[in-house]
Every structure is written in C-alpha cells, then in structure tokens.
Amino acid sequence: MSKLRILYAATEINPFLQTTKVAEFLQTLPQGMQERGMEIRIFVPRFGLINERKNRLHEVVRLSGINIAVGDDEKPLVIKVASIPNAKLQVYFIDNEDYFHRKSVFVDKNNKFHQDNDERAIFFCKGVLETVKKLGWAPDIVHCNDWMTGLIPMYLKTTYKKDPIFKDSKSMFTVYNNSFAHKFSEDLLEKVKMLDIDDSMLTHLESADTNAFIKCGMEYADAVIKTNEDFSDNINALFNDFMKKKSISTVCADDTLLDNYYNLYNQLSK
C-alpha cells in the first residue's frame with residue numbers, strides 16, 4: 001500500500017512564526033503524520049517577520065519564476081525552503097516582494113488591516129497549487145488551515161480538477177477562531193476568478209471579508225473541521241448555517257489529536 005500524501009497549507013508554522021494557535025497545530029500534526037508513515041509537504045507564506053538568516057531559508061530557483069495572476073496584475077512567485085529542526089520536514093515558503101516583505105502579518109504597526117490582504121491570500125492559494133504542480137507531487141489530501149487558505153478547495157474543484165496532479169485529491173478545511181472585521185474592495189470576486197469559475201460559484205465571497213474566505217473553504221472542501229476553541233459569534237453563525245448542508249467534525253487539541261486526524265485522512269482518501 002502506497003503512503004498517503006498530505007499537503008498542508010496554512011498561515012504560519014512553528015518555529016518560523018507564531019501569532020495564533022495555527023502555528024502550534026502545524027508543527028504538531030505534520031510531524032505526527034510523518035511518523036505514522038505518511039508523506040508530507042507544507043506550504044506557508046513567507047511573512048516579513050520570518051528571519052531568513054536565522055531560519056536558514058533559501059530560494060529554490062527551479063520552483064521560482066512563475067507569474068501568478070491576481071486580477072489584472074501578475075506578480076512573480078518566489079519559493080523558499082527551510083527545514084524544521086529535529087523533524088526531517090521541509091517547509092515551502094510562498095514569497096513575493098510586494099506582498100510579503102513587510103514586517104507584519106495581517107495588520108500594520110497601528111493595528112490597521114492591510115488593504116491588500118485579499119490579494120495576498122489569492123496569491124498564496126494559487127502559488128501553492130502552481131508550485132505543487134511544478135514539484136510533480138500528487139497529494140491525496142490537501143489540508144487547508146485558516147481563512148487565508150479558503151480558496152484552495154474551490155480552485156481544486158474547478159480550475160485544477162482535471163489536472164493530473166490534483167485529479168484524485170480531496171480537500172480538508174480546518175476553521176480557527178481567526179477573523180477580522182475589515183471589508184475588502186468590491187472587485188474581490190473579479191480578482192478571485194480563474195478558469196471554470198463563474199459568478200454563481202462565488203456567492204460565498206460577496207460579504208468581502210475574511211469570513212467570506214472561511215465560507216468558501218467550508219463550501220468546497222470535502223471535509224470541514226473545527227478546533228475546540230471558543231469561537232466568535234459571527235463564526236458560530238457560519239457553523240450553524242453550514243451544518244444544515246453537511247457535517248462538521250470537531251478535533252480537540254489534546255492527546256487524541258493525532259489519532260483523530262489520522263483516522264479522518266484515511267476515511268477521506270477512500
């Protein structure tokens with residue numbers, strides 16, 4: 001039996017960056033799955049707070065150089081890589097000078113939400129999928145974590161569904177208690193569009209906020225997971241609406257975490 005291949009996409013990972021619980025989760029889960037015999041790839045944005053020299057990031061020239069379209073603009077994609085100490089796991093960093101070379105994650109030093117966070121999310125989601133294509137590594141499961149990865153399940157069901165690398169891939173979306181009140185610009189839907197995506201598929205994005213990305217991830221993923229956090233009222237409202245259509249599993253960040261995800265991956269891959 002071949003190894004199950006899991007692709008992780010997330011906003012952050014220890015020890016390179018931690019601003020939320022996502023970083024701890026992404027350090028624990030891939031390592032646990034690798035120890036259980038699964039083959040792992042991890043992708044995160046190369047936010048400017050990540051110290052490249054300290055963490056020994058280096059560019060992978062053969063994977064860099066693709067241009068990623070975001071609306072009418074095209075931005076060059078740079079791929080960097082580093083290893084997690086003592087884990088034998090490589091992390092791929094999605095980078096672009098315009099989007100990720102500022103010394104902050106989603107808000108600036110005055111706690112103002114970056115106006116282009118929607119574009120940064122779109123660039124990241126497309127960049128992950130294009131890089132995996134270039135790697136020639138076909139994942140069985142694409143596990144998306146947090147709002148910034150919410151477009152990947154939709155892209156897998158549309159633009160990339162016939163691609164040999166992704167034709168058999170299933171997607172999983174884990175929701176965390178991370179969202180912002182900011183409203184994106186009205187052209188969000190136009191910027192998100194790709195081949196085989198029409199307006200009817202983008203209704204979940206009409207609220208043009210980070211919850212819109214969460215709704216999109218929940219709608220198109222093959223499995224939806226929530227952490228055992230105390231969620232804000234607006235995210236709880238999303239869960240209540242969504243559970244009328246399909247089930248949501250809760251996975252606790254405790255001693256059962258690895259067993260639960262191991263079982264979920266195996267069920268989803270059948």
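Me: What do the axes and angles of packed helices refer to here?
Reply: Axes are lines fitted to C-alpha atoms, for helices over the stretch in contact, and angles run from 0 to 180 degrees between N-to-C directions. Helices (H or I, at least four residues) and strands (E, at least two) are DSSP runs, numbered from the N terminus. This is a predicted model, in which local features need pLDDT of at least 70 and side-chain atom pairs count only at pLDDT 80 or more, while totals for chains, interfaces and linings use all residues. Residues are numbered from 1 along each chain as its sequence is written, and side-chain values use heavy atoms, with hydrogens and water left out.

Me: Why are H7 and H8 called roughly parallel?
Reply: The axes of helix H7 (residues 210-220) and helix H8 (residues 233-242) come within 11 Å and cross at roughly 25°. Angles under 35 degrees count as roughly parallel, over 145 as roughly antiparallel, 65 to 115 as roughly perpendicular and the rest as oblique. H7 and H8 are therefore roughly parallel to each other.

Me: Which residues of H7 and H8 meet?
Reply: Contact means heavy atoms within 4.5 Å. On the H7 side are Asn211, Ile214, Lys215, Met218 and Glu219, and they meet Asn234, Ile235, Leu238, Phe239 and Phe242 in H8. The residues of this contact of H7 with H8 divide into six nonpolar, two polar and two charged. Ala, Val, Leu, Ile, Met, Phe, Trp, Tyr, Cys and Pro count as nonpolar, Asp, Glu, Lys and Arg as charged, and the others, Gly among them, as polar.

Me: What makes Met201 partly exposed?
Reply: Buried means under 20% relative accessible area, exposed over 50%, partly exposed in between (1.4 Å probe, protein chains only). Met201 has a relative accessible area of 23%, so Met201 is partly exposed. Met201 is placed in the loop between helix H6 (188-192) and H7. Leaving aside neighbours within four places in sequence, Met201 is in contact with Met154, Thr158, Asp196 and Tyr220.

Me: How do you know that Thr159 makes a polar contact with Leu195?
Reply: A polar contact is a pair of N or O atoms within 3.5 Å; within protein, one must be able to donate a hydrogen and the other to accept it, and residues adjacent in sequence count only if both atoms are side-chain atoms. The side chain of Thr159 reaches the backbone oxygen of Leu195 at 2.7 Å.
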